[in-house]
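Subject: Structure handover and notes

Hello,

Please find the structure we spoke about below. My notes on it come after.

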Amino acid sequence: MATLSVAVLGAGVSGLAAALALGRAGHQVTLIERDELTVGVALDAVDWRRQGIPHFLQAHAFTSRGRRELHAMFPDVYQALLDAGAHEIDLRLKLRGALRPEDVELQILGVRRALIEWGLRGAVLREPGIMVQSGVQVVGLDGTTGDMPRVTGVQTQNGRVLADLVVDAMGRRSPAQEWIEALGGRRMSETSSDCGVIYYTRYYQVRNGASLPDGPWIPTPRADLGYGLFSSFPGDNGTFAGLIAIPPGDQELKVLRHAAAFDAATATMPALHSWTNAETSTAITDVLPMGSLQNTLRTFVDGRPPTVGLISVGDAVCHTDPVFALGLSFGLVEARELTAAIEAHGSDLEAVARTFDAAVREPMAERFANATAVDGLRLRAWQGEAVDVAHRDGGAYPLFAFAAGNAAALVDGDVFRTMIRRNYFLDPLSVLDDDIAMQERIERVFGDLQATPRPRPGPSRDELIEVMRTALAS
């Protein structure tokens, strides 16, 4: 196998994973990151300054696919996370009926984003084939100009770094496409849609001697309120995130950014409050808003890579609504596929780019399309439009699969297995989309659930606004 010199730009999860996979495959890797790459004690990671990652402290979910990829690719990192306080959450405990051998994959990892970076950073800094330049900003590409430029390295504030291959892991705001144009090439085609949501997140620490109650949810308290939703995300070391999401145009609900309003809101949502109540846990962060979110997919123009010698990974090529929790998994998958493409084609970097793209394009495109469709339908429903989520042929199939499928999974083991594997990226969307019998089963089960009177998951919008106003006035 040809040994390449590789410059990886950005040390988020995708950049760290790519650098580690390529370094362990024998390539000479230079990882360049504008923030300082310290490691230290695991729990110090939550205080890292990550200017380039505005969502660093936001809720993240390490789903079943990400867990599987991390365990297979970097078992030492996986074990380090467990030793540092991450924990495995076995979803099989909620599966009704007999287990199958393949159900061992139905687990997720309870861990905060900061700790994931800590584990990957430590492994990268210990890898002899990886040189790290931290506190260094990349300002452009080096290469030969032309319709398809050949990238030969990067320009940094400290000088040039030569490389056979440059990996763009600079995230959703990556300037690489502009740099490609500066060399005479064509930037990738871009398709975007607004996620139509603002997320308000607060992290909590479970009190000594307390435990988080279980209930009728998968895997943690969550529900749609009809005008927004609430959810929760398990973290490491007895932490978790509580989250409330609203449409961006709802000005009255934006008072959720205030801690008193957020706390008053969670108290009106029994499932979420069973975790966030003061006897069980205590808040350890302010309310963290996250908005202006886009689903974005970048694609080769006319099937041609925009350059030879530059490959984009992670959010630099595709990012979707965080509620689908795909980013961490895609970062690991892409690190593996990029390493495999280089192993197959060596220094033929155009072939590497085409092979890598062919390996990741279909799952990226289908997940992007699904996120776009669900987000659009959900926003319409939150804004008061009648959207049929109860029937597979009711004109809102993507939201039917998301809402009815997840509800039916609570009471039907076969639906559970299908939905977890679909939602958590173990199987393609076709595991349900091509299975008419399973869709009809979900429709029947969901119909039965709707026919059974159930308490509301939370207050009406007007009730919530009044509760928050009272809290802010007191």
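This is a predicted model: local features need pLDDT of at least 70, side-chain atom pairs count only at pLDDT 80 or more; totals for chains, interfaces and linings use all residues.

Residues are numbered from 1 along each chain as its sequence is written, and side-chain values use heavy atoms, with hydrogens and water left out.

Parallel sheet

Helices (H or I, at least four residues) and strands (E, at least two) are DSSP runs numbered from the N terminus. Two strands count as paired if DSSP finds at least two bridges between them. An open sheet of 5 strands has the order 5-2-1-9-18, with parallel pairing. Strand 5 (130–134) and strand 18 (310–312) are at the edges with a single partner strand each, so one side of each has no neighbour in the sheet. From one strand to the next, the twist averages 20 degrees. (Axes are lines fitted to C-alpha atoms, for helices over the stretch in contact; angles run from 0 to 180 degrees between N-to-C directions.)

Strand 1 (residues 5–9) is joined to strand 9 (residues 165–168) by 4 bridges, and Val-6 has Leu-165 as its bridge partner in strand 9. Helix 1 (residues 13–24) lies across strand 1, strand 2 (28–33), strand 5 and strand 9, and runs at about 165 degrees to strand 2.

Cores

A nonpolar core here is a set of buried Ala, Val, Leu, Ile, Met, Phe, Trp, Tyr and Cys residues joined through side-chain atoms within 4.5 Å. The largest has 68 residues, of which Leu-31, Phe-74 and Val-167 touch the most other members. Helix 9 (residues 349–382) supplies the largest share of this core, 10 residues. A second, separate core has 26 residues, including Ala-408, Val-415, Ile-420 and Leu-426.

Contact means heavy atoms within 4.5 Å. Not counting residues up to four places away in sequence, Leu-31 touches, among others, Val-8, Leu-16, Ala-19, Val-124, Ile-130 and Val-132.

The order in an open sheet of 3 strands is 10-17-19, and the pairing is antiparallel. Strand 10 (189–194) and strand 19 (318–319) are the edge strands, each pairing on one side only. Strand 17 (residues 294–299) is joined to strand 19 by 2 bridges; Thr-296 has His-319 as its bridge partner in strand 19. Helix 9 packs on this sheet and touches strand 10, strand 17 and strand 19, its direction making about 150 degrees with that of strand 17.

Helix 2 and helix 3

The axes of helix 2 (residues 64–73) and helix 3 (residues 75–83) cross at roughly 115 degrees and come within 5 Å. Helix 2 contributes Arg-67, Leu-70, His-71, Ala-72 and Met-73 to the contact, and helix 3 contributes Pro-75, Val-77, Tyr-78 and Leu-81.

Arg-421

Is Arg-421 buried or exposed? Arg-421, which is in helix 11 (residues 413–423), is buried, with a relative accessible area of 13%. Its side chain makes a polar contact of 2.8 Å with that of Asp-427. (A polar contact is a pair of N or O atoms within 3.5 Å; within protein, one must be able to donate a hydrogen and the other to accept it, and residues adjacent in sequence count only if both atoms are side-chain atoms.) Leaving aside neighbours within four places in sequence, Arg-421 is in contact with Glu-102, Glu-105, Leu-106, Leu-426 and Asp-427.

Backbone details

Ile-218 and Pro-219 are joined by a cis peptide bond, with omega about -10 degrees. Pro-219 is in the loop between strand 11 (198–206) and strand 12 (223–224).

Ser-292 is not a glycine but has a positive phi of about 55 degrees. Ser-292 sits in the loop between strand 16 (288–290) and strand 17, and is exposed at 76% relative accessibility. Ala-325, also not a glycine, has a positive phi of about 50 degrees. Ala-325 lies in the loop between strand 19 and helix 8 (327–345) and, at 14% relative accessibility, is buried.

Regards

Methods:
Buried means under 20% relative accessible area, exposed over 50%, partly exposed in between (1.4 Å probe, protein chains only).
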